[in-house]
Amino acid sequence: MTAFHIIVPARLASTRLPNKPLADIAGAPMIVQVARRAALAGAEQVVVATDAEEVRRACEAHGVRAVMTRADHASGSDRLAEACELLSLPDDAVVVNVQGDEPLIAPGMIRACADLLTARPQCQMATVAHEIDSDEEFANPNVVKLVTDAQGLALYFSRAPIPWWRDAPGGGARIKPSAVLRHVGLYAYRAGFLRRFPTLSVSPLEQIEALEQLRVLWHGERIAVHVSPERPGPGVDTPEDLARVRSLMEGAAG
């Protein structure tokens, strides 16, 4: 079995849902629920990387390890890079980035992402996708799509509808069955690459699409893609999302 580490980046700055990591869900802060869920994937350790003392205290009060990182990181990957240093992880360690607003993340999806990176030595990263079956979802710029090559390596990520079905009946942004993938924001990295990532220049494509993973492809690195048969549970970005996840988790606990 793959040995890997999980790091959960968490910061309090959120315009749509202030203090999001500390929002109570089923009797514990959301960041704690994420860490507990992630631990079911069987990692060597689960560590929260935060720049907020309130988050650190909340984690430690519930037995979750947390490390304090700088507040000026430009991205979650930069925060993970600092956490790798604080945890003294070797360059060949596999690190999975689990987002701090995914309390219903599937543990099996986390492990599959880590296993894939271990199986693909030519790749510095692995990520997850699932098939899209809705034209509305396909056309939505908030839904990130991706395309892969014959080896299951990422060719491109975009907010635009890709691949474009030229001969779709009726035209427009239509999906061709079994040809469209939605990206899931779950990543596995080699710790050595995480350390190098902050030194890579920002790519023009990354700036245009506002997708950090395009920097990796721009600099010639490869990203392996695990196509999951299941969709991830709903994340939390808005008060409406929070109410939905609370209902799901409290119902399960009951």
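A residue is called buried when its relative accessible area is under 20%, exposed when it is over 50%, and partly exposed in between, with a 1.4 Å probe and protein chains only. By this scale Arg57, with a relative accessible area of 46%, is partly exposed. The model is predicted: local features need pLDDT of at least 70, side-chain atom pairs count only at pLDDT 80 or more, and totals for chains, interfaces and linings use all residues. Residues are numbered from 1 along each chain as its sequence is written, and side-chain values use heavy atoms, with hydrogens and water left out. Helices (H or I, at least four residues) and strands (E, at least two) are DSSP runs numbered from the N terminus.

- Strand S1 covers residues 4–10, and because seven of its seven residues are buried, the strand is largely enclosed by the rest of the structure.
- Phe4, Ile6, Val8 and Ala10 point one way from S1, while His5, Ile7 and Pro9 point the other way.
- Two strands are taken to pair if DSSP finds at least two bridges between them.
- S1 runs parallel to strand S4 (residues 45–50), to which six bridges join it; in this pairing, His5 has Gln45 as its bridge partner.
- S1 also runs parallel to strand S6 (residues 94–97), through four bridges, and Ile6 stands opposite Val96 there.

**Nonpolar cores**

- A nonpolar core is a set of buried Ala, Val, Leu, Ile, Met, Phe, Trp, Tyr and Cys residues joined through side-chain atoms within 4.5 Å.
- The largest core has 48 residues, of which Phe4, Ile6, Val48, Val96, Val98, Ile110 and Leu186 touch the most other members.
- Another core, of 31 residues, lies apart from the largest one and includes Val67, Ala93, Tyr189 and Val216.
- Contact means heavy atoms within 4.5 Å. Leaving aside neighbours within four places in sequence, Ile110 is in contact with Phe4, Ile6, Ala38, Ala41, Val96, Val98, Ile105 and Leu186.
- In soluble globular proteins, nonpolar side chains tend to be buried together.

**Helix H3**

- Helix H3 (residues 76–86) is mostly covered, with eight of its eleven residues buried.

**Salt bridges**

- A salt bridge is a side-chain nitrogen of Lys or Arg within 4 Å of a carboxyl oxygen of Asp or Glu; the structure holds 18 of them.
- Arg57 forms a salt bridge with Glu53, with the closest N and O atoms 3.9 Å apart. Because the two residues are four apart in helix H2 (residues 53–61), about one helical turn separates Arg57 and Glu53.
- Glu53 is partly exposed, at 31% relative accessibility.
- A network of salt bridges links Glu53, Arg56, Arg57 and Glu60.
- Arg166 and Asp167 form a salt bridge with the closest N and O atoms 3.1 Å apart. Arg166 is exposed at 69%, and Asp167 is exposed at 52%.
- Glu206 forms a salt bridge with Arg215, with the closest N and O atoms 2.9 Å apart, and both residues are buried.

- Glu206 lies in helix H7 and has 10% relative accessibility.
- Not counting residues up to four places away in sequence, Glu206 touches Leu211, Glu212, Leu214 and Arg215.
- Ile208 also lies in H7 (residues 204–209), but it is exposed, at 68% relative accessibility.

**Backbone features**

- Most residues other than glycine have a negative phi, and most peptide bonds are trans.
- A cis peptide bond, with omega about -5 degrees, joins Ile162 and Pro163; Pro163 lies in the loop between strand S9 (154–158) and S10.
- Ala26 has a positive phi, near 55 degrees, and is found in the loop between strand S2 (24–25) and strand S3 (28–29). Ala26 is partly exposed, at 33% relative accessibility.
- Ser88, in the loop between H3 and S6, likewise has a positive phi near 55 degrees. Ser88 is exposed, with a relative accessible area of 60%.
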